[in-house]
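Colleague: I would like to learn how to read strands and helices in a model. Can we work through one case together?

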Amino acid sequence: MKCCVCGNETLKFFSAELMKKYQVDYHLCPNCNYLQLQDLSHLQEAYETSINKTDVGLLARNYRFAEQLAPFFYFSGRTGGRFLDYGGGYGVFTRLMRDIGFDFYSNDPYTENIFSQKFSSELQGDFSAITALELFEHLSNPMDVISLLLEHTDLIAIGTNLLESCIKKDFCNWSYLGLDHGQHIGFFSIHTMKFIAKKFNLHCCSDGKYLTLLSKKKIFPFAALQIKLRHRFSVFFLEYVKFRMKSKISSDYELMK
C-alpha cells in the first residue's frame, strides 16, 4: 500500500488484534518512517462516539500541552491575534488557553464544545497559530490537512505521540495504537515530521516524543526551548506567562451571561 505521507510503497511491519475482533496489519514506510493501518473498514464502528471512553488522560494531556505552548507563544511574540484549536473536541484546551489570556477558539464539527461555548470558530481568515492536538493520528489524509491549515496560519502545533515515545520500541504492545477503540490509524516519527517540514518548506521543532511545531518562520531559540524542555520546567515559565498576560476568565464570564 502507498504511504499517506510521501506516497512511497510501504512494508508490512506487524499485525495485531483490533477492537478484540479484527486482525489488522500495520505498514511502515521505509522512506519517511510513517506507520499506518492498512484496513480502515472498522472506522464507522470505532466512531460510534467521537471521543473514546478509555481516553482517561484527556485533561492531563491538555494541561501538559498548555504548559508547553503558552510559554512558547509568549516568548515567540505571539500574544495577539486569534488562535484556533483545530479538532478541539470538548473545548478543554481552548478554555485553558483563554484562562491564561490567549484569544483561542475551538473547531470540531464532530464533538460538542462543552468547556468553551461561544468560542467556536470556522476555519476562516488568518490565525496567529493553529493547534491540532490528538488529531493527526486519526487522519487518513494528513498532508491534505496540513496544506489546508497552512492557508490560514504560519504556525501549526501538532500534538501526537511520536514513534520515539514507544518504550523499548515494542510497537505491538504500544498503548497509543488504540487497539481497544480503533480510532488511531496513522503514527508519525521525528523523521516523518522533518520530511513534512521539508515538503512544505517549513521549520520543524519537536520535543522528540509528543509535540511538534511546523513554522513558515524561523523559530526563536528561547521559544523553542519551551518545547524541548518537555514540560519538566515549563510550569515555571507558565506561571510567569500567567502573570504577564491578562486572563479572559472575567471577560468571558460577562460574554456568557
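This is a predicted model: local features need pLDDT of at least 70, side-chain atom pairs count only at pLDDT 80 or more; totals for chains, interfaces and linings use all residues.

Colleague: Which strands pair with E4, and in what sense?

Modeller: E4 is joined to strand E5 (residues 103-107) by five bridges, and the two run parallel. E4 also pairs with E6 in the parallel sense, over three bridges.

Colleague: Which residues stand opposite each other?

Modeller: In a regular strand, side chains alternate between the two faces of the sheet. Here, Leu 84 stands opposite Tyr 105 in E5. Asp 85 stands opposite Thr 131 in E6.

Colleague: What unit do E4, helix H3 and E5 make?

Modeller: They make a β-α-β unit, and it is right-handed. Helix H3 covers residues 92-100.

Colleague: Why is E4 described as largely enclosed?

Modeller: Buried means under 20% relative accessible area. Four of the five residues of E4 are buried, so the rest of the structure largely encloses the strand.

Colleague: Now a helix. Which residues of H4 are buried?

Modeller: In H4 (residues 142-149), the buried ones are Pro 142, Met 143, Val 145, Ile 146 and Leu 149. Their arc around the axis is only 160°, so they lie on the same side of H4. They pack against strands E4, E6, E7 and E10 and against helix H5.

Colleague: And the side chain: is Arg 61 buried or exposed?

Modeller: Arg 61, in helix H2 (residues 58-75), is buried, because its relative accessible area is 14%. Beyond neighbours within four places in sequence, Arg 61 is in contact with Asp 55 and Glu 134.

Conventions:
Residues are numbered from 1 along each chain as its sequence is written. Side-chain values use heavy atoms; hydrogens and water are left out. Buried means under 20% relative accessible area, exposed over 50%, partly exposed in between (1.4 Å probe, protein chains only). The arc is that of the directions from the helix axis to the C-beta atoms. Contact means heavy atoms within 4.5 Å. Two strands pair if DSSP finds at least two bridges between them. A crossover is right-handed if, with the strands pointing away from the viewer, the path from the first strand over the helix to the second runs clockwise.
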